[in-house]
Amino acid sequence: MERPLTVAVTGLNATDNPGPGVSVIRSLRLHPDFDGRIVGLAYDTLDPGIYARDLVDDVFIIPYPSQGPAALEARLRHIKERVGLDVVLPTLDSELASFIALEPVLEELDVGSFLPTHKQLDLRSKVHLSTFGESAGIKVPPSKVVSSVEDLYRIHEEVAYPFFIKGVYYGATLVRSVDEAVRAFHGVVARWGYPVIVQAFVQGDELDVVAVGDGEGGLVGALPMKKTFITDKGKGWAGIAIKDPELIELTRSFVAALNWRGPCEVEVIKDADGAYHLIEVNPRFPAWTYLSAGAGINLPYAVVRLAAGLPVEPMHDYEVGKMFVRISLDQIADLADFQAVTTHGELLSQRGED
Amino acid sequence: MTRPVYERPILIRHQSGMMNKFSRVQAMRPLTHIDGVSVDELVATYGSPLFAFSEKTLVSKFRELRDAFTQRYPRVRIAWSYKTNYLDGICRVFHREGAYAEVVSEFELDKALHLGVPAEQVHFNGPYKPESALEKALPGGTTIHIDHFDELALAEEVAARHGIRPEVAIRLNLSAEAVPAWSRFGFNLESGQALDAVKRLVGGDRLELKGLHCHIGTFILDEGPYREAAAKISRFANELRERFDITLSFVDLGGGFASPNTLKGQYLPGDQVAPSFSRYAEGIVEGLSELDYSPQEMPTLVLETGRALVDEAGYLIASVHANKRLADGRRAVVLDAGVNSLFTSFWYNHEIVPAQEFRGVPEPTVIYGPLCMNIDVVRDTMLFPQLKVGERVVFRNVGAYNVTQWMQFITYRPSVVLIGPDGRHGLLRRPEQLQSIISHEEMPEWL
Amino acid sequence: MDATAKLKDLAVSDTGFVFDPYSGSTFSANEAGMKILEGLKQGLSRAEIVFALEEHFEVRGDDLARDLDEFVLLLRRNQLVPADFSLS
């Protein structure tokens, strides 16, 4: 019998553009063998996941990634001391670099993690994806990195309209004209800085896979999904687990080519001829990760075990046809909780404590 | 019972996205000493504001760069990029370590020669080398990096006049991965222009082509483009050998390595994203492996690293002149140093730390310089602790481009000081005074 | 409504968390800010508040009256006191 683990999860921003944290936490809670504690790590005092008191035991505000790893290190040391930590599971793109930089510190604190390396992160980045795809024999739509608006005025010579404007970390806007492109460019730069990626639009069905690589080239598990309901903001609000061995093979070759370590979301377009085009690889769990737990391959739980140094068997069988249908839900929160998060930056499960 | 120490009263309205109090400020430590010398002592000796350079850091960065490359490649030369910082004292530190000089104007060439750098240890770059400059450079044995066809013709003329056959390089521009070609400098590789230049040079038979040079850009945060540039140069060098039997003695990959500064518009802090010298070295040396040269004839790899060598060694010490509250509730600090001294504040969100112990809640603060000009913002809003009038702050990583691009505008430029490895310190440049400025002015006789 | 009536409804916790029940806005104040709010609630004058600050804190060459005026400006901007409020 293994001892219960205390697992910290980030990405509690379950907004209309949700971070994956709550979905990951619910997956862990769903697993019959998980009896540990959950520590939520949030960036904003109004991150909705903070107030999901049935899911999250303790909550701590942590510094934004833009503050650099030293600030995060100080905070993690405090949290470790305060409530103990066995595993930390970052779920947002922008924070990964900091957590990877802190791996030696995590090790020293005896906190497990299961993260990709800087190099893996770089190679799958939007900037380098097409180069990587070429070498791994995976089709990637033509893309171009732009670092000034002027570049956009001639970009159609290389990438035809319509195309996507993407930020380094998040965001993809389909644009049809130079005006739209310029507008989207400024929006992305304001939020995420340079560079900006222009990616050709490929007609077809968008399919997503949530997967975990074991860091040695092996695939721990993968679940392909097709979105069945997309909001006007382009977010999948419902989806269904599909049977797609070819897509799983593509995911397997991605994981093998990079020795990918940790969770990822693989986004592809399947065109009318049935060919797959790799659009993006996100180095983290997607917000719909809970479907993997619901369909029988609980990937977040697998990652927690891997991070804690426990063995995990590859998982192949999932229930095709399982669906997720998202719901928005108004939680009731106490001003006292909000006050605790605001003034102390922490909200612990044991009440009456100051 | 001791009473709590007073801090100015604050009231911060909670706004979503603005309420994370766990910032860099929490990890911020005051910088009271630079290489063991107290900031107070420096200000007492030289006044405020002042630039201070750490000789220790200059030397250690130089050696770090040299070692990163020599571990991977047999012949490496670092040419100190004068335009980054051409104070005599700074240049001397690098020359003592074995650096050549990389100059981009006749003025910089004069400065290097005046410092005692042998003419043949100077690489002369840039699009503007007038006849007078070539007259100085070519007979002296300085290697010029030819930028355009007109310069090629002029260089041949000068060579003929002196009856010499100078060794030269040509500058290429090329596109490498995401980095678009800086096509205004040198000859374009992809379009065949570079090959035309070589044909023209070989046909003219007055100059000896010994080097290829390319500088892909500035503040490149990724070693990938260097790998590709080095590979392209290598393939071009192979072609030159095959077609014209030219064996190069050097290839020059220029500069452009990033420092730990954070560019405006960059999400993650610079110290987190700037690649190490080792990563750059790995990329470049990997690219150079495409050279079809035997180990004995491998060309020298020339680097013109400027910013990444000197930025970290430079500090700007400034004093708080006033505290203000802006109409939108932000705190504002007026310092005695502005954009006239700290030119790079137009590009970077500089890291600023207090020079003394501080307490209290950090507040969103904008930091202004002393100029009566709206543009004089040395740091956009950042979380910063409260400081009192007369207390000091230190800007880090300001060694590159400031003491060359600073402006004499509205006020004088401050002292620049070097801190030696043994705690000694001395002036690199005296502060300007009225006489420094008006000594160059004339009064037309009818006034 | 007079100035102190609204201030009296302002909930100030001992950690400096401030809640304005009329607007729903929340704020953080530091210790000096809390001390001033306390004085304002009691209807103290400018001089009395400055005195209270001097008594409570160890003051090292700060201009308390100026800081107090600046703080009142912040209260006005956040509509925690009427727009025409000023300390006597």
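Q: How many salt bridges are counted between domain 1 of chain B and domain 2 of chain B?

A: A salt bridge is a side-chain nitrogen of Lys or Arg within 4 Å of a carboxyl oxygen of Asp or Glu. Between these two domains of chain B the count is one. The partners are Asp380(B) and Lys264(B), whose closest N and O atoms are 3.8 Å apart. This is a predicted model, in which local features need pLDDT of at least 70 and side-chain atom pairs count only at pLDDT 80 or more, while totals for chains, interfaces and linings use all residues. Residues are numbered from 1 along each chain as its sequence is written, chains are lettered from A and ligands numbered from 1 in the order in which they are written, and side-chain values use heavy atoms, with hydrogens and water left out.

Q: What is the area buried between domain 1 of chain B and domain 2 of chain B?

A: Buried area is the accessible area (1.4 Å probe) that two parts lose on being put together, summed over both. Here that area is about 850 Å², and carbon and sulfur atoms give 42% of it.

Q: Which domains is chain A divided into?

A: Chain A has domain 1 (6-113 + 329-347), domain 2 (142-200) and domain 3 (204-325). The C-alpha centres of domain 1 of chain A and domain 3 of chain A are 23 Å apart. This contact uses 24 residues from domain 1 of chain A and 21 residues from domain 3 of chain A.

Q: What do domain 1 of chain A and domain 3 of chain A bury between them?

A: They bury about 2,000 Å², 66% of it on carbon and sulfur atoms. Asp16(A), Ser27(A) and Asp93(A) supply 21% of the area that domain 1 of chain A buries against domain 3 of chain A, more than any other three residues. Two salt bridges are counted between these domains. Asp93(A) forms a salt bridge with Arg284(A), with the closest N and O atoms 2.3 Å apart.

Q: How many residues of chain B are in contact with chain A?

A: The contact joins 20 residues of chain B to 32 residues of chain A. The two chains bury about 2,300 Å² between them, 56% of it on carbon and sulfur atoms. One salt bridge is found across this interface. Arg279(B) and Asp122(A) form a salt bridge, and their closest N and O atoms are 3.6 Å apart. The side of chain B that touches chain A has eight nonpolar, seven polar and five charged residues.

Q: Which residues does a cis peptide bond join in chain B, and what is omega?

A: Most residues other than glycine have a negative phi, and most peptide bonds are trans. In chain B, the bond between Ser48(B) and Pro49(B) is cis, with omega about -5°. Helices (H or I, at least four residues) and strands (E, at least two) are DSSP runs, numbered from the N terminus. Pro49(B) lies in the loop between helix H2 (39-46) and strand E4 (50-54) of chain B. In chain A, the peptide bond from Tyr161(A) to Pro162(A) is cis, with omega near -10°.

Q: Is Phe219(B) buried or exposed?

A: Buried means under 20% relative accessible area, exposed over 50%, and partly exposed in between (1.4 Å probe, protein chains only). Phe219(B), at 9%, is buried. Its phi is positive, about 55°, although the residue is not a glycine. Ile410(B) also has a positive phi, near 70°, and it is exposed, with a relative accessible area of 52%.

Note on methods:
Contact = heavy atoms within 4.5 Å. Nonpolar A, V, L, I, M, F, W, Y, C, P; charged D, E, K, R; others polar. Domains from an automatic or database assignment.
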